[in-house]
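Below are some notes on the model, point by point. They begin with a charged pair and then move on to the core and the surface.

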Amino acid sequence: MSSLNEIKDNSGARKKRMRVGRGIGSGKGKTGGRGVKGQTSRTGVAIKGFEGGQMPIHRRLPKRGFTNIFALDWNEVSLGRVQTAIDAGKLDASAVVTQAALVEAGVLRRTKDGVRVLGSGELTAKVTFEVAHATKSAIEAIEKAGGKVTLLVSKTDAGETAA
């Protein structure tokens, strides 16, 4: 067994970068891989979408769709994942499972715009949830297990029109 001071990469794991413009013997000397003359052989050239004067493809193609600036980015968690955390002792089923509790237990890394509970997986524990959103199947499964769901964000807050 080798010591910590003898640890090294496998041979060929780290390849040395090609140093351009270091003489003709290097194979990348003189022009340094830029070819001969022309615009791209010079410095300060940025012609990413340029097609020689022709209308670039990103301008020829039609625009599609739009980005909803009011859309909320939920961080989703399945019931199966919550049950696994309860079984592992990371979550307390008797206490209210809040968004902060899910982050603290390591089930989620962050809440984003709010936590959304999904109905996939099996939930056997009687749990009270206090989250931003939950799917219909998740609410049914939680209530079937004897739990309760409190939604923090109303439908009108989530950008949906009130019926």
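1. D9 and R14 form a salt bridge, with 2.3 Å between the closest N and O atoms. A salt bridge here is a side-chain nitrogen of Lys or Arg within 4 Å of a carboxyl oxygen of Asp or Glu. D9 counts as partly exposed because its relative accessibility is 44%, and R14 counts as exposed because its relative accessible area is 71%. The classes are buried for under 20% relative accessible area, exposed for over 50% and partly exposed in between (1.4 Å probe, protein chains only).

2. On provenance: this is a predicted model, in which local features need pLDDT of at least 70 and side-chain atom pairs count only at pLDDT 80 or more, while totals for chains, interfaces and linings use all residues. Residues are numbered from 1 along each chain as its sequence is written, and side-chain values use heavy atoms, with hydrogens and water left out.

3. How many salt bridges does the rule give? The count is four. One of them joins R60 to E51, the closest N and O atoms being 3.3 Å apart. Both partners are partly exposed: R60 has a relative accessible area of 43%, and E51 is at 29% relative accessibility.

4. The salt bridge between E76 and R116 has its closest N and O atoms 3.9 Å apart. This pair links distant parts of the chain, since E76 sits in strand β1 and R116 in strand β3, 40 residues apart. Helices (H or I, at least four residues) and strands (E, at least two) are DSSP runs, numbered from the N terminus. E76 is partly exposed, with a relative accessible area of 43%; R116 is also partly exposed, at 24%.

5. Helix α2 spans residues 79-87, and its buried residues are L79, G80, V82, Q83, A85 and I86. What covers them includes β1 (75-78), α3 (99-104), β3 (115-118), β4 (128-131) and α4 (136-144). After α2 comes G89, with a positive phi near 85°.

6. The largest nonpolar core has 23 residues, of which V77, L91, L102, V107, V117, V127 and F129 touch the most other members. At least two residues of this core come from each of α2, β3, β4 and α4, and α2 gives the largest share, four residues. A nonpolar core is a set of buried Ala, Val, Leu, Ile, Met, Phe, Trp, Tyr and Cys residues joined through side-chain atoms within 4.5 Å.

7. Which residues does L102 touch, not counting those up to four places away in sequence? They are V77, V82, L91, V97, V107, L108 and V115. Contact means heavy atoms within 4.5 Å.

8. K126 lies in the loop between β3 and β4 and counts as exposed, at 61% relative accessibility. Leaving aside neighbours within four places in sequence, K126 is in contact with A93, A145, G146 and G147.

9. V45, I47 and F50 form a nonpolar surface patch, with about 240 Å² of accessible area together. I47 is found in the segment before α1 (57-60) and counts as partly exposed, at 33% relative accessibility. Patches are made of residues with over 30% relative accessible area and no salt bridge, with like charges joined within 9 Å and nonpolar side chains (Val, Leu, Ile, Met, Phe, Trp, Tyr) within 5 Å. Accessible areas come from the Shrake-Rupley method with a 1.4 Å probe; for residues, only the protein chains shown count as cover.
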